[in-house]
Amino acid sequence: MSAPYLWEKSYPANVRWDAPIETTTLQVLLDRAVEAYGERPALEYRGRRISYRELGGMAERAAAGLLGIGIGGHDAVALYLPNTPFHPIGFFGALRTGARIVHLSPLDAERDLIYKLQDSGARTLVTTNLFRLLPTALRLLAAGHIDRVIIGDDLDWGASQPPPEPFPESATVISFGRLMQRSKPLAHWPDVSKGSIALLQYTGATTGVPKAAVLTHANLTASISSYRTWIGGQTPAGTVPDRVIMVLPLFHIYGLSSIMLRHLASGNELLLRPRFDIESILHDIEVNRATSFPGVPTMWIAMVNHQGIERRDLSSLRVVASGGAPLPVEIADKFHSLTGLPLPSGWGMTETSPAGISPPAGPIRKAGSIGLPLPGIIAEIVALENPRNVLPANMVGELRVKGLNVMQGYWKRPADTAAVIIDGFFLTGDVGYVDDDGYFYLVDRKKEMIISGGFNVYPVKIENAIYEHPNVEEALVIGVPDSYRGEAAKAFVKLKAGAPALTLEALRDFLADRLARHELPTALEIRESLPRTPAGKFSKTELTAAERRKHGAADKQEKTHA
């Protein structure tokens with residue numbers, strides 16, 4: 001590829017790909033938002049609205065309180081929180097002290113929590129007394145994995161069901177509310193540079209041990225700058241602020257950066273929701289008149305298949321988006337038929353903060369495409385066997401990206417870093433191609449690609465074809481050992497409620513004119529539900545592990561009989 005890049009000719013009229021990308025610190029980002037938007041609502045949680053000025057003041061008091069108990073500098077602070085106001089308050093508060101953030105998932109197993117705490121060096125944990133997080137946090141404290149727990153009392157935001165758990169305070173068990181009440185914003189804050197580490201963000205560990213992407217203030221604010229340049233240039237002047245359904249988890253990079261940080265920088269209101277419930281989401285749309293709903297594919301699948309959805313009032317929505325994983329074209333088409341709105345699906349990763357590639361606003365121009373590189377981001381397709389060999393348009397290879405938003409590397413893992421950052425480009429592990437107009441397409445993950453009888457087989461392509469079956473609600477495809485082909489595709493399917501049984505033969509017949517013969521699944525398993533990650537994305541990890549165990553046991557039995 002050479003300048004001008006292929007995608008520049010397809011750019012929206014009022015957006016420049018080579019626009020300057022601003023980098024700063026996250027506390028400056030919040031301070032600017034407070035100054036610009038003042039009394040405008042920033043957050044709504046359980047009916048309570050918090051203005052930008054209030055949010056800024058709370059974050060400053062949290063920072064002063066944290067400094068008062070000795071936190072700052074290069075300390076790591078772990079946030080073990082669902083979507084609650086304690087997250088942005090703790091997030092911005094800790095960053096103002098100069099500390100770095102470590103996100104822990106409320107759905108993590110205890111051993112995963114211990115590993116992330118030890119690996120990151122975090123000795124302070126911030127949590128809340130909801131969803132049984134408190135007992136786990138106190139066990140971590142008692143076992144010596146952390147030095148203190150700071151607990152946000154959910155009663156601070158009004159009564160809830162179930163009621164939050166009470167907790168005794170001590171020198172090592174500290175109430176977040178009282179920590180803030182005892183402190184006052186300082187006249188001078190610690191110096192924090194934009195090159196300082198802001199976040200150690202652990203990846204999903206679909207293969208092996210979790211790794212933390214090292215993201216600086218500059219990385220994250222570059223990502224926000226790219227998003228705002230892209231979206232701002234396509235938004236008509238005078239558009240009123242958005243009311244954004246914030247159900248994507250803030251401990252995940254998509255919810256944190258693409259949604260929370262970007263919308264706060266733009267003066268919009270976030271409707272904080274701690275968990276995905278389709279009726280609650282519909283209430284936010286119909287009653288609270290939410291204008292924006294960003295989700296992951298599993299949420300859109302649930303919505304388009306929700307009983308009676310065609311009779312619900314979705315008219316307040318003006319912007320929707322899917323991210324975190326590939327969105328089946330069939331699901332986007334169904335949503336469009338319901339609402340008339342396009343449901344675009346872009347691309348980004350933890351390692352890119354997560355700005356990357358996005359479709360232009362408006363009607364979907366190229367079905368199945370993830371869109372064009374955002375301003376300031378270079379994307380290329382390189383040969384699978386040689387990441388320095390850039391391929392021409394329409395050839396399949398690995399996606400690599402470069403930009404100010406790309407991570408510094410993996411925390412304490414120089415070998416892993418060297419394997420994925422080559423010549424300044426991050427090798428994403430995603431397999432795809434770019435067309436003559438600069439639109440990018442993904443066909444699968446490099447590590448999930450199936451090699452069947454010498455042919456490359458892409459599970460995502462098979463999944464998209466299966467979604468066209470009228471009785472299928474959800475589908476996942478993985479590679480399993482095959483004595484003849486070496487490896488073959490196995491489909492895991494959740495059927496729609498009341499749908500008749502589906503056999504492998506019937507599925508293969510349905511797919512016969514949609515897939516090549518070597519792409520047809522050789523096995524089918526019908527399930528009541530399909531596994532998901534804590535962020536709500538589909539997960540193939542446990543399916544792959546179960547198949548390996550099954551085939552390992554079968555091989556062992558065969559050798560025993562032999």
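Reader: In which sense do strand S26 and S27 pair, and over how many bridges?
Author: This is a predicted model. In it, strand S26 covers residues 486–495. Phenylalanine 492 stands opposite glutamate 525 in S27. The pairing of S26 and S27 is parallel, over four bridges.

Reader: Which are the edge strands of the three-stranded sheet?
Author: The sheet is open, with mixed pairing and the order S25-S26-S27. An edge strand here pairs on one side only. That gives S25 (472–482) and S27 (523–526).

Reader: By how many degrees are neighbouring strands of that sheet turned against each other on average?
Author: Take the sheet with the order S25-S26-S27. Direction is ignored for this angle.

Reader: Which residue in S19 is the bridge partner of valine 214?
Author: Strand S9 spans residues 212–216. Two bridges join S9 to S19, and the strands run antiparallel. The partner of valine 214 is glycine 409.

Reader: Are the rings of tryptophan 7 and phenylalanine 440 stacked, edge-to-face or tilted?
Author: The whole structure holds twelve aromatic pairs. In this one, the ring centres are 6.2 Å apart and the planes meet at 50°. Stacked needs under 30 degrees and edge-to-face over 60. The pair is therefore tilted.

Reader: How many residues apart in sequence are the parts that this pair ties together?
Author: Tryptophan 7 lies in the segment before helix H1 (26–37). Phenylalanine 440 lies in strand S22 (residues 440–445). So the pair ties together parts separated in sequence by 433 residues.

Reader: Is phenylalanine 440 buried or exposed?
Author: Buried means under 20% relative accessible area. Tryptophan 7 has 0%, so this residue is buried. Phenylalanine 440 has 1% relative accessibility, so it too counts as buried.

Reader: Which residues form the cluster linked by ring pairs?
Author: Tryptophan 7 and phenylalanine 440 are a tilted pair. Ring pairs link them with two further residues. The cluster is Tyr5, Trp7, Trp17 and Phe440.

Reader: Over the face of which residue does arginine 96 lie?
Author: Arginine 262 lies over tyrosine 227, at 5.9 Å from the ring centre. For arginine 96, the distance to the ring centre is 5.5 Å. The ring belongs to tryptophan 189.

Technical notes: Residues numbered from 1 in each chain as written. Predicted model: local features only at pLDDT ≥ 70, side-chain atom pairs only at ≥ 80, totals over all residues. Heavy atoms only, no water. Pairing = 2+ DSSP bridges. Axes fitted to C-alpha atoms, helices over the stretch in contact; angles between N-to-C directions. Phe/Tyr/Trp six-rings, centres within 6.5 Å; stacked < 30°, edge-to-face > 60°. Buried < 20%, exposed > 50% of the residue type's maximum accessible area, 1.4 Å probe, protein only. Lys NZ or Arg CZ within 6 Å of the ring centre and 35° of its normal.
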